[in-house]
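The points are grouped by topic.

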Amino acid sequence: MRQGILALGLALILALAACSTQSELRFTNRTDCGPATILLTNTVTGGTSTYTLEQERTLAIQVEAEVVYRYEVTYPRDPARQIECEPKTVEVRLRPGQRLNISLESVPEGA
């Protein structure tokens, strides 16, 4: 009985340790630009993933620690909108367990 409790406790500790080493990019679309398209590239392997993030939503993406990732954010072109939404490209590298919050925001023209 005692060994079972010890094994369960050890398994729980290992599970918690594994969770704490997950690195994560967390995008929030706070723009008035419509859905954002995020192209995420692992610069070591060249592998890419594409995500669509609607306005006022958040997206969490787990990434490998100590690897440089490039994310490119673009928005749909809509001539009816009075807001110009510029694409952006950024490279990031996270430490083990680090979470980076990225807030996508629109800036009114002339601000």
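Two strands are counted as paired if DSSP finds at least two bridges between them. In this predicted model, β5 and β6 run antiparallel and are joined by six bridges.

**The open sheet**

- Four strands form an open sheet in the order β3-β2-β5-β6, and their pairing is antiparallel.
- The edges of this sheet are β3 (48-53) and β6 (88-93), each of which pairs on one side only.
- From one strand to the next, the twist averages 20 degrees.
- Strands of a sheet may pair in parallel or antiparallel fashion, in either case through backbone hydrogen bonds.
- Within the pairing of β5 and β6, which has six bridges, Val-68 stands opposite Arg-93 of β6.

**Two threonines in strand β2**

- Thr-37 belongs to strand β2, and Thr-41 is also found in strand β2.
- Thr-37 has a relative accessible area of 30% and therefore counts as partly exposed.
- Thr-41 has a relative accessible area of 8%, so this residue counts as buried, the limit for that class being under 20%.
- Leaving out residues up to four places away in sequence, Thr-37 touches Thr-50, Tyr-51, Glu-72, Val-73 and Thr-74.
- The C-alpha atoms of Thr-37 and Leu-53 are separated by 6.4 Å, although the two residues are 16 apart along the chain.
- Thr-41, with neighbours within four places in sequence set aside, is in contact with Gly-46, Gly-47, Thr-48, Val-68, Tyr-69 and Arg-70.

**The largest nonpolar core**

- The largest nonpolar core has 20 residues, of which Leu-25, Phe-27 and Tyr-71 touch the most other members.
- At least two residues of this core come from each of β1 (23-30), β2 (36-42), β4 (58-63), β5 (68-74) and β7 (99-105).
- Beyond its neighbours within four places in sequence, Leu-25 has contacts that include Leu-40, Leu-59, Ala-60, Ile-61 and Val-63.
- Further contacts of Leu-25 are Val-92, Leu-94, Leu-100 and Ile-102.

**The aromatic pair**

- The count of aromatic pairs comes to one.
- This pair consists of Phe-27 and Tyr-71, arranged edge-to-face, with 5.1 Å from centre to centre and 85 degrees between the planes.
- The pair links distant parts of the chain, since Phe-27 lies in strand β1 and Tyr-71 in strand β5, 44 residues apart.
- Phe-27 has a relative accessible area of 0% and is therefore buried.
- Tyr-71 also counts as buried, because its relative accessibility is 5%.

**The disulfide**

- The structure holds one disulfide, which joins Cys-33 to Cys-85 with an S to S distance of 1.7 Å.
- The link of Cys-33 and Cys-85 is left-handed, with -85 degrees about the S-S bond.
- Cys-33 is in the loop between β1 and β2, and Cys-85 is in the loop between β5 and β6, so the pair ties together parts 52 residues apart in sequence.
- Both Cys-33 and Cys-85 are buried.

Methods. Residues are numbered from 1 along each chain as its sequence is written. This is a predicted model: local features need pLDDT of at least 70, side-chain atom pairs count only at pLDDT 80 or more; totals for chains, interfaces and linings use all residues. Side-chain values use heavy atoms; hydrogens and water are left out. A nonpolar core is a set of buried Ala, Val, Leu, Ile, Met, Phe, Trp, Tyr and Cys residues joined through side-chain atoms within 4.5 Å. Buried means under 20% relative accessible area, exposed over 50%, partly exposed in between (1.4 Å probe, protein chains only). Contact means heavy atoms within 4.5 Å. Axes are lines fitted to C-alpha atoms, for helices over the stretch in contact, and angles run from 0 to 180 degrees between N-to-C directions. Rings of Phe, Tyr and Trp (its six-membered ring) pair if their centres lie within 6.5 Å; planes under 30 degrees apart count as stacked, over 60 as edge-to-face and the rest as tilted. A disulfide is a pair of cysteine sulfur atoms within 2.5 Å.
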